Amino acid sequence: MSEHVKYIDRTRDYYLSQGYAKPYEWAHFDDIPFARPAKPLSESRVTIISTSDVAIKQPEGNKGGGINEHLVGNAYSLPTDTPIDQLFSKQEHYDKYATNLDDVNTYFPVTRLQEKVEQGRIGSMAPRCHGVYTAYSQKKTIEVDAPEILRRCREDEVDIAILTPV
Amino acid sequence: MSLVARHLEANGIPTVVIATARDIVERCGVSRLVHVDFPLGNPCGVPFDQEMQSSVMDIALTMLEITEKPGSTEVAPFTWPAGEDWKKTIFTEEQPFLEGKAYDHWMEAKKRYKDRKAEKVTSED
């Protein structure tokens, strides 16, 4: 396996070459908060949080409604038991030359986790999973989106969160 | 995404991030990271390879059980089946990351952010 891509360097060079003078400042912290699971995984309730822009297919012509009703900041939720064939991704920020987003479970692993519930590896899935639309404002993510996701996780008595950035 | 993980951790909910862009997540700093060295878009495994995807979940779940210290990274032992050439071509002029509509959407989003910021400054004056 060759070395992993250094995206921070690569994108900085790329956008400089495209004429953008000011490089994006990626978030950085010296300290890292750390929580330990309070109970065995086999008794834990799990949710997924993703930036894959996962969405529920709407009947043609239906522009309103759906998951955006629950949008706060860039945070939204969808029922975990939504049939997988009803889900898709609107995400445009992925490597379209190398791959595709045709298989929801490669960025929103809901079926794989439901299998882990059936196997008894984890206790249950939370009733809702969550999405966060990619934002430029780290401040907004910290002040609005993250607290909203936390609130919803607490409402659903979530024990464990699996995050899948795309 | 890493910022959300950090907020959950700070409030007592353990997290594991499964990501392709290892350097970005590690720069921010999260408690547990599973690095899957695949193109952007497929952090949880090769499309339609259910066995691999299941293994990625196992790595993530095991991390939740055994990680003793925050900032831990586990590298999934998988290589992209079509080879590693994608690593050379991502974000190069030959393969513009966003084109056409995708580029327009990104510029619109950027503009909305700038406008909001400008509005805020004005209202604070």
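Analyst: Gladly! From the N terminus on, chain A runs α-β-β-β-β-α-β-β-α-β, which gives three helices and seven strands. Please keep in mind that this is a predicted model. Along the principal axes, the C-alpha trace of chain A spans about 50 × 45 × 40 Å, and 35% of its 166 residues are buried.

User: What share of the contacts in chain A joins residues at least 24 apart?

Analyst: The share is 76%, counted among contacts between residues at least 6 apart in sequence. In chain B, residues 24 or more positions apart account for 44% of the contacts with a separation of 6 or more.

User: And what is the order of elements in chain B?

Analyst: Chain B reads α-β-α-β-α-β-α-α from the N terminus on, with five helices and three strands. Its C-alpha atoms fill a box of roughly 50 × 40 × 25 Å along the principal axes, and 38% of its 125 residues count as buried.

User: How does the radius of gyration of chain B stand against that of a compact globule?

Analyst: Chain B has 18 Å, whereas a compact globule of 125 residues would be near 14 Å. The value for chain B is therefore above the globule rule, which is 2.2 Å times the number of residues to the power 0.38.

User: What makes strand 7 of chain A and strand 1 of chain B a pair?

Analyst: Three bridges join strand 7 of chain A to strand 1 (residues 15–19) of chain B. A pair needs at least two bridges, so these strands qualify. They run parallel, and A:A161 stands opposite B:T15.

User: Which strands pair within chain B?

Analyst: Strand 2 of chain B is joined to strand 3 (residues 72–75) of chain B by four bridges, and the two run parallel. B:V34 has B:E74 in strand 3 of chain B as its bridge partner. With helix 3 of chain B, these strands make a left-handed β-α-β unit.

User: Why is A:E157 called exposed?

Analyst: A:E157 has 10 other C-beta atoms within 10 Å. Exposed means 12 or fewer, so A:E157 falls in that class. You will find A:E157 in the loop between helix 3 and strand 7 of chain A.

User: Which loop of chain B holds B:F48, and why is B:F48 called exposed?

Analyst: B:F48 is in the loop between strand 2 (32–35) and helix 3 (50–66) of chain B. B:F48 has 11 other C-beta atoms within 10 Å, and because the cut-off for exposed is 12 or fewer, B:F48 counts as exposed. Phi of B:F48 is also positive, near 70 degrees, in a residue other than glycine.

Conventions
Residues are numbered from 1 along each chain as its sequence is written. Chains are lettered from A and ligands numbered from 1 in the order in which they are written. This is a predicted model: local features need pLDDT of at least 70, side-chain atom pairs count only at pLDDT 80 or more; totals for chains, interfaces and linings use all residues. A residue is buried if 20 or more other C-beta atoms lie within 10 Å of its own, exposed if 12 or fewer, and partly exposed in between; C-beta atoms are placed from the backbone. Two residues are in contact if their C-beta atoms, placed from the backbone, lie within 7 Å. A crossover is right-handed if, with the strands pointing away from the viewer, the path from the first strand over the helix to the second runs clockwise.
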